[in-house]
Amino acid sequence: MKFRCERDTLVDALQTAGRAVSGRGAVTAATNGVRIEARANRLAVVGTDLDLTVHVEVGAVGLDDGVCVAPARLVADIARSLEPGAVTVEAGDDEVEISSGRSRFVVRTYAAEEFPVLPEAPAAQVWLAPAGLADALRQVVRAASTDDARPLLTGVLMSAEADGIRLVATDSYRLAWRDLPGSAGLPEGSEQILVPARALTELQRLLSASAKDAGRSTRGAGEADAAAEPGAEPATSGPTGDGDGGDDGAPRIGLSVGELDATFWVGGVRLTTRLLEGRFPDYRQLVPPAYPNSVRIAKVALIDALRRVRLLVRDNTTPVRLTMHPDGVDLSVVSQEVGQASESLDAAVTGEEVTIAFNPSYLIDGVEAAVGDDVLLEVVDATKPATVRSPERDDYRYLLMPVRVS
């Protein structure tokens, strides 16, 4: 195998595929590596830990078709360390040579036949708009659990609703959901799927990179058009017949759901994840039917104040107390070992005077995820879940359990 590729293109492909390689409890030595295949003028890089698989395809100058499996992190680090420009990669029976300019690396490879045989991905069944899904992932994935002892809570529920899709995640201390009305929905026959949060974190990263690339392409096209014809409107790429382009130039997201896994397409990247099995908790019963007390407050001011008083928190058990009163909100943290901090904020308060305590990090997460200049904190009392959301929008909600304090 031998090919030539631009350094930045190669680095992106190796790093993107390599993120699926966990290195922990690898089935074989080969699953610590990425599979690199050159065929004609296309380069395919694949990384997997059998639960998550990322397949990246990019352009390259193919000199000799072939396959090798190289250590994932090492070859990515080597490629990233090279000077900008063309990189030549040549693989033999048990080693791969990576060279550029005066730099040359020779790395031992794994046996290609030991790399897992992965099933062919089916065609995309539905196409989703990237902007809405990217925002939804940013808002919801943060609430999923990272405790593998409770595997169901490490996933994000994607459920088909009457007017689109809903994403839900919880770690039992907080819960976030986001509605995507007007989206294509889930593939026919899939009422709901439970997708590992790790896979959706990678999807979120892909969407972010795709949006940046689309922005650069759009700016470049606009500059070229303006130069060619003064006063002309910038050109942007619109949707294509097969649904792989968005109105903002970013590629749409393909989705296919199988019996055991789901596959997402973003541009030249295909991400396949094994689905979690089991019944997601009935989150709807956790939502209070009404909130008699609420606070509308400036989002940035609240985040900054929370971060300041949180400086006295030295463990994960010290809460921040919020006292709602007619003149605004008082924040306070009391640490027996460190000291105490307090701050007052102006806010529009409705209802009775209430003091409620939260984990400050969890509260900051919910406030950051809300869209807009203000946030609305809705409270029943000091013992029931409170809700953080935007005052103008009801498509995102973040429920947070209070901390009991004396």
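The following questions and answers concern a predicted model.

Me: Is strand 6 (residues 66-71) largely enclosed or exposed, and how many of its residues are buried?
Reply: A residue counts as buried when its relative accessible area is under 20%. Strand 6 has 6 residues, and it is largely enclosed by the rest of the structure, because the number of buried residues among them is 5.

Me: Which residue of strand 6 is the bridge partner of arginine 35?
Reply: Strand 2 (residues 33-39) and strand 6 run antiparallel and are joined by 6 bridges. In strand 6, the partner of arginine 35 is valine 69.

Me: How many residues of strand 11 (residues 155-161) are buried?
Reply: Strand 11 is mostly covered. Of its 7 residues, the number buried is 5.

Me: Which residue of strand 14 stands opposite serine 159?
Reply: Strand 11 is also joined to strand 14 (residues 192-196), by 5 bridges in an antiparallel arrangement. The residue of strand 14 opposite serine 159 is glutamine 192.

Me: What is the order of the 4 strands that form an open sheet?
Reply: The pairing in this sheet is antiparallel. Its edge strands, each pairing on one side only, are strand 21 (339-345) and strand 23 (354-358). From one strand to the next, the twist averages 20°. The order of the strands is 21-20-19-23.

Me: Which residue of strand 23 is the bridge partner of methionine 324?
Reply: Strand 19 (residues 320-325) and strand 23 run antiparallel and are joined by 5 bridges. In strand 23, methionine 324 has as its bridge partner valine 354.

Me: How many salt bridges does a search of the whole structure find?
Reply: Side chains of opposite charge can pair when their charged atoms come close. A search for such salt bridges over the whole structure gives a count of 28.

Me: How many residues apart in sequence are the parts tied together by arginine 108 and aspartate 94?
Reply: These two residues form a salt bridge, with their closest N and O atoms 3.5 Å apart. Arginine 108 lies in strand 9 (residues 103-108), whereas aspartate 94 lies in the loop between strand 7 (86-91) and strand 8 (95-100), so the pair ties together parts whose separation in residues is 14.

Me: Is arginine 108 buried or exposed?
Reply: The cut-off for an exposed residue is a relative accessible area over 50%. Arginine 108 has a relative accessible area of 57%, so arginine 108 is exposed.

Me: Which helix holds both arginine 205 and glutamate 202?
Reply: The side chains of arginine 205 and glutamate 202 meet in a salt bridge of 2.8 Å, N to O. Arginine 205 is partly exposed at 37% relative accessible area, while glutamate 202 is buried at 11%. The two residues are 3 residues apart, about one turn of the helix, and both lie in helix 4 (residues 197-228).

Me: What is the N to O distance in the salt bridge of aspartate 395 and arginine 393?
Reply: Aspartate 395 counts as buried, at 17% relative accessibility. Arginine 393 is partly exposed, with a relative accessible area of 32%. Their side chains meet in a salt bridge whose N to O distance is 2.6 Å.

Me: How many nonpolar residues are in the lining of the largest cavity?
Reply: The structure has 3 cavities of 30 Å³ or more, and the largest holds about 60 Å³ of space. Its lining includes Phe3, Leu10, Ile36 and Val89. Helix 1 (7-18), helix 2 (72-81) and strand 8 are the elements that each give two or more residues to this lining. The lining has no polar and no charged residues, and its count of nonpolar residues is 10.

Me: What separation do the C-alpha atoms of leucine 399 and glycine 366 have?
Reply: Leucine 399 is found in strand 26 (residues 396-400). At 4% relative accessibility, leucine 399 counts as buried. Leucine 399 and glycine 366 are 33 residues apart along the chain, and their C-alpha atoms are separated by 8.3 Å.

How values were computed:
Residues are numbered from 1 along each chain as its sequence is written. This is a predicted model: local features need pLDDT of at least 70, side-chain atom pairs count only at pLDDT 80 or more; totals for chains, interfaces and linings use all residues. Side-chain values use heavy atoms; hydrogens and water are left out. Buried means under 20% relative accessible area, exposed over 50%, partly exposed in between (1.4 Å probe, protein chains only). Two strands pair if DSSP finds at least two bridges between them. A salt bridge is a side-chain nitrogen of Lys or Arg within 4 Å of a carboxyl oxygen of Asp or Glu. On a 1 Å grid over the protein atoms alone, a cavity is a set of points where a 1.4 Å probe fits but cannot get out, and a pocket is an open set with protein on both sides within 12 Å along at least five of seven lines; lining residues have an atom within 4 Å of a point. Grid points are joined across faces, edges and corners, and a volume is the space filled by probe spheres set on the points. Ala, Val, Leu, Ile, Met, Phe, Trp, Tyr, Cys and Pro count as nonpolar, Asp, Glu, Lys and Arg as charged, and the others, Gly among them, as polar. Axes are lines fitted to C-alpha atoms, for helices over the stretch in contact, and angles run from 0 to 180 degrees between N-to-C directions.
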